[in-house]
Amino acid sequence: MSEGARLSEGARLSEGVMSSGVIHDIGYQRYTGPRLGRGYVTRSLYLHGLRTVFGLGRSAKAKIFPWVAVGIVAVVATVLTAVRAQTGRPVLSYADFPGAVAVLTTLFCATAAPELVSRDLRGGVLPLYFSRPLRRADYPLAKLAALVSAVWLMLAGPLTLMFVGGAFSVHGPGAVRDEFLDLLPGLVQSVIYAAVYSSLALLVASFAGRRAVAAALVVAVFLVTTPIVGVIGVSGGQAAQQLAFLASPTTLVQGVGGWLFDVSGSDVGPYGPVYGLAVAGLVAACVLLLLVRYRRVAR
Amino acid sequence: MTQIARESIATELIATEALTKRYPNGVTALSALTVDVEPGIVGLVGANGAGKSTLIKILLGLLPPTSGQVRVLGLDPVADGERVRGRVGYMPEHDCLPPDLVAAEFVTHMARMSGLPRATARERASEALRHVGLYEERYRQIGGYSTGMKQRVKLAQALVHDPDLLLLDEPTNGLDPAGRDAMLALVHRIGTEFGISVVVCSHLLGEVERICDSLVAIDGGKLLRSDRISAMTTTTDVLAVEVGEGTQELAARLASLGFCPRIEGRGLVLPIAGDAMYDIVLDAIADLELPLHRLDQRRHRVADLFREAANV
């Protein structure tokens, strides 16, 4: 084979490689697969919200605060467990635990709620949701469910840690069973905390587009009402003192704990059912207002 | 590229009958609007406040009409809003993107919000971003995108679930001339190559007439005109004459010769009626001894048609 022929052969070959190596634009492909309905969409929105709260699938910056909060609560739980292992006596009951870390729960809500709703408000993203197979109410309810779940997980996780630690420091299956029965009120109290804090925080945040403003508002709502409790508690009689906890969402939940699980530091006397109604009423009112709010937001 | 055959949807894309929307504050946004729109690329034109956005919201089932009927893809958006919204893609006019999310992540999320299963959503999000020309940049945060790229992400999220109808509200908003052309070319490609019907809302008629099959013009909530572009532009070629002076005299002379000239800007415009008219017009100019600056045939712009319709 002559030099020239070999060259042209090579050229032909490389041309062949080239042409088979071309990336073909396969053009637009239709979608014929399943289109899932509103239930799936709402569920996906809920999961997306849950991930958002913990900064999953987001930048490292978005992960800092939620995980610091979770970390601190976990450390508190670990210390409590360690002290109990040393002294053999629990420092706090399980039901007392959510109240003990309430400040962290407040801060957690104050950052998570704006993350869930204020961001979408500010970015004008809502029209994209509402132009999809969702109903108006699905959006706020999915977001609320995500926040309630997140707050509950933040409290229930450390409680479980404490339970595991406690289960190792008691002896016999019966004792472990008793320990578990002690844990249950803690988990339920966490549910109440999660419901009250989340619904209030999400409602407040849904009125502010800027996340910083929303966070400040949430903290304010939880903090400004606390002195009222103190004032009533100091100035009033016994009945006033026992009803004073109604004045602030923070103490309200403690009051319910006092009624249902004998949580320390909240003597509500005979007014327990009043606290129960107040909690139910507060959550219902927040959810209702949230729905009204999202009926209005059109953009 | 072969055109993708769509399963035959209802021949009518959008049909409204005496559609009226009055807001509680007394503003009538749409008044007895009756229009039938065939599949294809449709321009919905009207000034700001003409009722375009209200119409879109009604088509999406987000606003109930005060009275009248409306059907989209053969469905009633009032009763069947979720099904309609499942088959329609909507690109809003204003900013609607979260700046701190990665484009691929965001479009995937929006695909799931349209009911696509998780894995499919991811695939189609990549595809949609590729089709709008953002494949390389899809793992960057949206906040760092240019206006043109943001518009493309907005289009991608509307396209991701393979809708049968795309509603684009002012898709060229905020774009520079090159960006406008690219966006219009993309919309045209979606309407022809992808086979998806598109409604393009715009207050710029010149822009949409370039890519649309038909036009719907509304003004003050009323239908101005609705027709296929081809129907609007046939037999509408005009002769534009510009003389240095004596435009009025020329107009009078031509009118006396049986033409119907119209003064437009510094010149005259008259519908073309046969080849002989060139000579007649030139003779008239020569007779009057006027300096001829320009004489050319041009396509009657659709804008003129709407102006005429508005004057009637």
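**Close-up views of a predicted two-chain model**

**View 1. A buried salt bridge in chain A.** Both A:K143 and A:D120 are buried. The two residues form a salt bridge in this predicted model, with the closest N and O atoms 3.5 Å apart. The pair links distant parts of the chain, as A:K143 belongs to helix α7 of chain A and A:D120 to helix α5 (residues 102-123), 23 residues apart.

View 2. The side chains of A:D138 and A:R38 meet in a salt bridge, 2.6 Å from N to O. This pair also joins distant parts of the chain: A:D138 is in helix α7 (residues 138-169), A:R38 is in helix α2 (residues 38-53), and 100 residues separate them. A:D138 has a relative accessibility of 7% and therefore counts as buried, the limit for buried being under 20%. A:R38, with a relative accessible area of 29%, is partly exposed.

View 3. The size of an interface is often given as the accessible area lost when the parts come together. Here chain B and chain A bury about 3600 Å² between them, and 53% of that area is on carbon and sulfur atoms. In chain B, the residues that lose the most area to chain A are B:E82, B:R85 and B:M113, together 17% of what that side buries. The contact involves 33 residues from chain A and 44 residues from chain B.

**View 4. Salt bridges across the interface.** Four salt bridges are found across the interface of chain B and chain A. One salt bridge between the chains pairs A:R119 with B:D100, whose closest N and O atoms are 2.4 Å apart. A:R119 and B:D100 also belong to a network of salt bridges that includes A:R58, A:E115 and A:R211. Over all chains, the structure holds 21 salt bridges.

**View 5. A salt bridge within one helix of chain B.** B:E127 and B:R130 form a salt bridge, with 2.9 Å between the closest N and O atoms. Both residues lie in helix α4 (residues 118-131) of chain B, three residues apart, which is about one turn of the helix. B:E127 is partly exposed, with a relative accessible area of 24%. B:R130 counts as partly exposed at 24% relative accessibility.

**View 6. A nonpolar patch on the surface of chain A.** A:V75, A:V79, A:V83 and A:V91 form this patch, and together they have about 310 Å² of accessible area. A:V79 is found in helix α3 (residues 60-87) of chain A. With a relative accessible area of 45%, A:V79 is partly exposed.

**View 7. Positive phi values in two loops of chain B.** Most residues other than glycine have a negative phi. B:D162, which is not a glycine, has a positive phi of about 50°. B:D162 lies in the loop between α5 (147-159) and β6 (165-169) of chain B and is buried, with a relative accessible area of 0%. For B:E289, phi is near 55°, again a positive value in a residue other than glycine. B:E289 is placed in the loop between α10 (276-288) and β13 (292-298) of chain B, and at 68% relative accessibility B:E289 counts as exposed.

**View 8. The two domains of chain B.** Chain B is divided into domain 1 (14-229) and domain 2 (235-311). Their C-alpha centres lie 40 Å apart.

Key. Residues numbered from 1 in each chain as written. Chains lettered and ligands numbered in written order. Predicted model: local features only at pLDDT ≥ 70, side-chain atom pairs only at ≥ 80, totals over all residues. Heavy atoms only, no water. Domains from an automatic or database assignment. Patch = residues over 30% accessible without salt bridge, like charges linked within 9 Å, V, L, I, M, F, W, Y side chains within 5 Å. Areas by Shrake-Rupley, 256 points an atom, 1.4 Å probe, with all protein chains shown as cover. Helix = DSSP H or I, 4+ residues; strand = E, 2+ residues; numbered from the N terminus. Buried < 20%, exposed > 50% of the residue type's maximum accessible area, 1.4 Å probe, protein only. Contact = heavy atoms within 4.5 Å. Buried area = accessible area lost by both parts, 1.4 Å probe.
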